[in-house]
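Ready for some practice with helices, charged pairs and backbone angles? Grab a pencil, keep the structure in view and work through the exercises below.

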Amino acid sequence: MIDRLVRDLLKEIGEDPDREGLIKTPERVERMYGFLTSGYSKQVEQVLNEAVFQDNYDEIVLVKDIDFFSLCEHHLLPFFGKCHVGYLPDGRIVGLSKLVRLVEMYSRRLQVQERLTSEIANALLDALRPRGVAVVMEAYHLCMMMRGVEKQNCKAVTSSMHGIFRERIESRNEFMQLIRSHAT
C-alpha cells in the first residue's frame, strides 16, 4: 500500500517512478517507514519484559547520552539527538538496557519532542513507582534545518521532571550535573 502511495507521490512531484534510480524506491520507502514507526507495535510491558526487580538501591539511576531518531509528525522529517533518563528508586529497579529500549520504542512513532519526553517519563513512573523520574532530551530537527527557518545549529531541549526531581531543587541539580559530567 505505501509503495503505491510513494509511486504516486513520485509522479505528483514530476518524477518518473519507472526510471532506473527510482524503480525500487517505493519498496525501500515502505520498508523504511515500517522500521521508523515500529514503536506502534510495542507496549511498555513488552519492552520491560519482566526486568523490574525488587532492590533497596536509593540513589539516582541514570542512563545518559542515549542516541535517538524520530519523525516529526508535522513534516515527516527526522529529529535526532540525545536522551538522558534517570530515576530515584523506591524499592524497584529496572534493567538499564530497558531504559534505552523505552526511548527507542517511543521514538519509533510519529512524534513531537515534547510528547516524546513526557511519554518516556510517564512510562517509568507507571512501571516503577519511583521517588522521582527525570528525562531530558536534546535534539536537532531537520524540519527547522532543511526548510522553514533553515537554522543549522538550533537544538531543542525538553525535560519532564516528576516527584523528587520536581519538588527538590537539590535533586534536580544533582541530575542535571550528572548529565553534564564527562566521566569515563
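Predicted model: local features only at pLDDT ≥ 70, side-chain atom pairs only at ≥ 80, totals over all residues.

**Exercise 1.** Find the handedness of the crossing of α4 and α5.

*Solution.* Residues are numbered from 1 along each chain as its sequence is written, and side-chain values use heavy atoms, with hydrogens and water left out.

Next, the angle: helix α4 (residues 96-107) and helix α5 (residues 113-128) have axes that come within 10 Å and cross at roughly 135°. That makes α4 oblique to α5 (under 35 degrees is roughly parallel, over 145 roughly antiparallel, 65 to 115 roughly perpendicular, and the rest oblique). Axes here are lines fitted to C-alpha atoms over the stretch in contact, and angles run from 0 to 180 degrees between N-to-C directions. Helices are DSSP runs of H or I with at least four residues, strands are runs of E with at least two, and numbering starts at the N terminus.

Last, the contact (heavy atoms within 4.5 Å): α4 brings L99, L102, V103, Y106 and S107, and α5 brings L116, E119, I120, A123 and L124.

**Exercise 2.** Work out how α1 and α2 pack.

*Solution.* Start with the numbers: their axes are 8 Å apart, at an angle of about 125°. The two helices are therefore oblique to each other. Finally, list who meets whom: I2, D3, V6, R7 and L10 in α1 meet T25, P26, E27, V29 and E30 in α2.

**Exercise 3.** Which side chain meets D18 in a salt bridge?

*Solution.* Use the rule: a side-chain nitrogen of Lys or Arg within 4 Å of a carboxyl oxygen of Asp or Glu. The partner is R7, at 2.9 Å from N to O. D18 sits in the loop between α1 and α2 and R7 in helix α1, so the pair ties together parts 11 residues apart in sequence. By this rule the count comes to eight salt bridges.

**Exercise 4.** Where does N49 lie?

*Solution.* Look in the loop between α3 (44-48) and β1 (52-54). Now check its backbone: N49 has a positive phi of about 45°, although it is not a glycine. Most residues other than glycine have a negative phi.

Key:
Left-handed = near helix turned anticlockwise from the far one by under 90°.
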